[in-house]
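Here is a short briefing on one protein chain. Keep the sequence and the 3D view open as you read.

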Amino acid sequence: MSDGFERSRLLRRQDESTDTVEDVGERSPFLRHSEHMINTSVEDGKPEMSLRNEFKQCWSEWLNGFVPPPVRWIPRYSWRSIPADLLAGVTVGVMAVPQGMAYAALAGVSPIIGLWTAFISAWIYAGLGASKDLIVGPVAILSLLTSEFVKKYPQLDASRLASLLAFGSGLILITISLFRLGFIVRLMSRAVILGFTAAAAIVIFFAQLKSALGAPLPAINTIIDFFRAMIQFGSQTNGWTALISSSGIVFLLALKLLANKWKWMRWIPGPLLVVIISTIISWSVQLAQKCHVSIVGTLPTGWPQPLVPPGPGLPTDSAFIADAFQSMAIIALLGSVEHMSIGMTFAFKNGYGATFSGDGELWALGVTQFVCSWFSGYAP
């Protein structure tokens, strides 16, 4: 009787299912989860998916994240966008000249290195990045972090130390992207980045006082150090240097305020005008010879020879390696978080958030930093 009851029980289960006899025994959660992962739901009308097909799909999605975005948008590119794109490119190129030299000085390297970094990073990211609103180049935060590391080793070549940081930071970002660990970047709070950016602006202000005033100020780390330095060395300020610096700041602030009233003034490249006007005045009046104003001087021409970033001559002791790796990790983390937060904001605002891949962006940023390091550049 028990056999007949068990047979009828199985038949009822067979009628209720999709023509398959299921085991009525109690199964473990692991077995139920395995069956769910291997076979998709039949109720949704989806075909059964084997473990091999799931692996192929995951592999395809992983590779799809590293496909260069131009492969997707070039076939759909409208020729009507050429004038606007050319104008945007010229604007970015014009602004990259003064910014590249200024950020290079902040990083403690030659101004020409800032120009090389701006040029190379813009080309590399244009072929690998998914954001149409971002341009990768020297930025204040990474320049400040590079400077902090370079100052620790004044006996070594600053450009090689900066390239070493870019090399290591690029490898870290490439590794994170290959293992699909881009979600780690999103764990850092936006408030932390905003706080760090605001603090970096204050640090940059004090770091540039020496050049802006033309006075032999010592290192300034606190407000007390600032007032103490101004009392001791304020009388040695170069009046012409201070006048040129303050005039440039006032001009840029006035241009920004006027642009809020007259929209067409937004197209005026203020920083470039300041560079051109100050260069003409410096050359015509001979400020360096007559007024002892510090100038950039003659920049070398041509391209740097490709060089393996670590190179010979750098320390190999454990203390230097640990310090360098710490700086590389900080540069990779903060640079990627800043890039991702701004990039995602523009991506969802302008309707291409679905194609903005976190791992793909880390790959693009990592390759950009890696390539820049081979041409004496620092982390953009």
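Ser 159 is buried, because its relative accessible area is 17% and the cut-off for buried is under 20%. The model is a predicted one. Its secondary structure comes to 16 helices and 0 strands. Of the 380 residues in the chain, 32% count as buried.

**Ser 159 and its surroundings**

- Ser 159 sits in helix 8, which spans residues 158-178.
- The side chain of Ser 159 makes a polar contact with the side chain of Asp 157, at 3.1 Å.
- Beyond neighbours within four places in sequence, Ser 159 is in contact with Val 109 and Ile 113.

**Nonpolar cores**

- The largest nonpolar core has 32 residues. Val 109, Phe 149, Leu 161 and Phe 320 touch the most other members.
- Six helices each supply at least two residues of this core: helix 5 (82-107), helix 6, helix 7 (140-150), helix 8, helix 9 (190-207) and helix 15 (318-349).
- Helix 7 gives the most to this core, with 7 residues.
- What does Leu 161 contact, leaving aside neighbours within four places in sequence? The partners are Phe 149, Val 150, Tyr 153, Leu 156, Leu 314 and Phe 320.

**Helix 6 against helix 16**

- Two packed helices are described by the angle between their axes and the distance between the axes.
- Helix 6 (residues 111-128) and helix 16 (residues 358-373) pack at an angle of about 145°. Their axes are 9 Å apart.
- The crossing of helix 6 past helix 16 is right-handed.
- From helix 6, the contact uses Thr 117, Ile 120, Ser 121, Ile 124, Tyr 125 and Leu 128. From helix 16, these meet Glu 361, Trp 363, Ala 364, Val 367, Thr 368, Val 371 and Cys 372.
- The residues of this contact divide into 9 nonpolar, 3 polar and 1 charged.

**Glu 361**

- Glu 361 lies in helix 16.
- Is Glu 361 buried or exposed? Glu 361 counts as buried because its relative accessibility is 1%, and the cut-off is under 20%.
- The side chain of Glu 361 makes a polar contact of 2.6 Å with the side chain of Tyr 125.
- A polar contact of 2.7 Å joins the side chain of Glu 361 to that of His 339.
- Leaving aside neighbours within four places in sequence, Glu 361 is in contact with Tyr 125, Gly 129, Ala 130, Ser 131, His 339, Met 340 and Phe 356.

- Take the contacts in the chain with a separation of 6 or more: residues 24 or more positions apart account for 71% of them.
- Ala 122 is found in helix 6. At a relative accessible area of 22%, Ala 122 is partly exposed.
- How far apart in space are Ala 122 and Thr 368, which are 246 residues apart in sequence? Their C-alpha atoms are 8.5 Å apart.
- Ala 122 also touches Ile 135 and Val 136, not counting residues up to four places away in sequence.
- Ala 207 lies in helix 9. With a relative accessible area of 36%, Ala 207 is partly exposed.
- Ala 207 and Leu 144 are 63 residues apart in sequence. From C-alpha to C-alpha, Ala 207 and Leu 144 are 9.4 Å apart in space.

- Gln 286 is not a glycine, yet has a positive phi of about 60°.
- Where does Gln 286 lie? Gln 286 is in the loop between helix 13 (270-285) and helix 14 (287-290).
- Gln 286 is partly exposed, with a relative accessible area of 30%.
- Ser 376 is a residue other than glycine with a positive phi, near 65°.
- Ser 376 is found in the segment after helix 16.

Conventions: Residues numbered from 1 in each chain as written. Predicted model: local features only at pLDDT ≥ 70, side-chain atom pairs only at ≥ 80, totals over all residues. Heavy atoms only, no water. Helix = DSSP H or I, 4+ residues; strand = E, 2+ residues; numbered from the N terminus. Buried < 20%, exposed > 50% of the residue type's maximum accessible area, 1.4 Å probe, protein only. Polar contact = N/O pair within 3.5 Å; in protein donor to acceptor, adjacent residues only side chain to side chain. Contact = heavy atoms within 4.5 Å. Axes fitted to C-alpha atoms, helices over the stretch in contact; angles between N-to-C directions. Left-handed = near helix turned anticlockwise from the far one by under 90°. Nonpolar A, V, L, I, M, F, W, Y, C, P; charged D, E, K, R; others polar. Core = buried A, V, L, I, M, F, W, Y, C linked by side-chain atoms within 4.5 Å.
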